[in-house]
Amino acid sequence: MMLTNYQPILIFLALGVGFGLLLIFLGWVLGNVGHGGRRPDAEKLSSYECGFEPFEDARMKFDVRYYLVAILFIIFDLEIAFLFPWAVALDRIGMFGFLAMVLFLAVLVVGFVYEWKKGALEWE
């Protein structure tokens, strides 16, 4: 009886794994058959970076402002992810939910203004 409860899950899991393996196999077959198979040459094995030869080491240091902007993007992207379910459930959560979201957005705005005043968004 316990196994019959999990039977649909096991079927979907088997189908998903099987479909994934089928696609990997098809990619391998089509990659080896098309255009004479895999024959790597110097041009295929060379590094490619935006249409021209790479000019620096791949381990070069990035400016810290790049990371600050990336973190700000993630923060505001997550803010949007929280706003969608909040907007859908606003009629059920009432004034408490509304005030909680106002507080959440206020904290984010204060953080954004702080970053702006510190110059984290300035690209010189």
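Tutor: Phe98 is partly exposed in this predicted model, because its relative accessibility of 37% falls between the limits of 20% and 50%. Phe98 belongs to helix H4 and pairs with Trp86 of helix H3, 12 residues away in the chain. The two rings are stacked, with 6.4 Å between centres and 25° between planes.

In total there are 4 aromatic pairs. Phe82 comes from H3 (residues 64-88) and Phe104 from H4 (residues 90-118), so the contact ties together parts separated by 22 residues in sequence. Phe82 is partly exposed at 47% relative accessible area, and Phe104 is partly exposed at 28%.

The buried residues of H4 are Gly97, Met101, Leu108 and Glu115. H3 is among the elements that cover them. As for spacing, residues three or four places apart on an α-helix point the same way, because there are 3.6 residues a turn.

H4 is not straight: a bend of about 70° occurs at Phe96. Its end C-alpha atoms are only 35 Å apart, whereas a straight helix of 29 residues would span 42 Å at 1.5 Å a residue. Just after H4 comes Gly119, with a positive phi of about 85°.

Key
Residues numbered from 1 in each chain as written. Predicted model: local features only at pLDDT ≥ 70, side-chain atom pairs only at ≥ 80, totals over all residues. Heavy atoms only, no water. Phe/Tyr/Trp six-rings, centres within 6.5 Å; stacked < 30°, edge-to-face > 60°. Helix = DSSP H or I, 4+ residues; strand = E, 2+ residues; numbered from the N terminus. Buried < 20%, exposed > 50% of the residue type's maximum accessible area, 1.4 Å probe, protein only. Expected span 1.5 Å × (residues − 1). Bend = angle between axes of the 7 residues up to and from the residue. Contact = heavy atoms within 4.5 Å.
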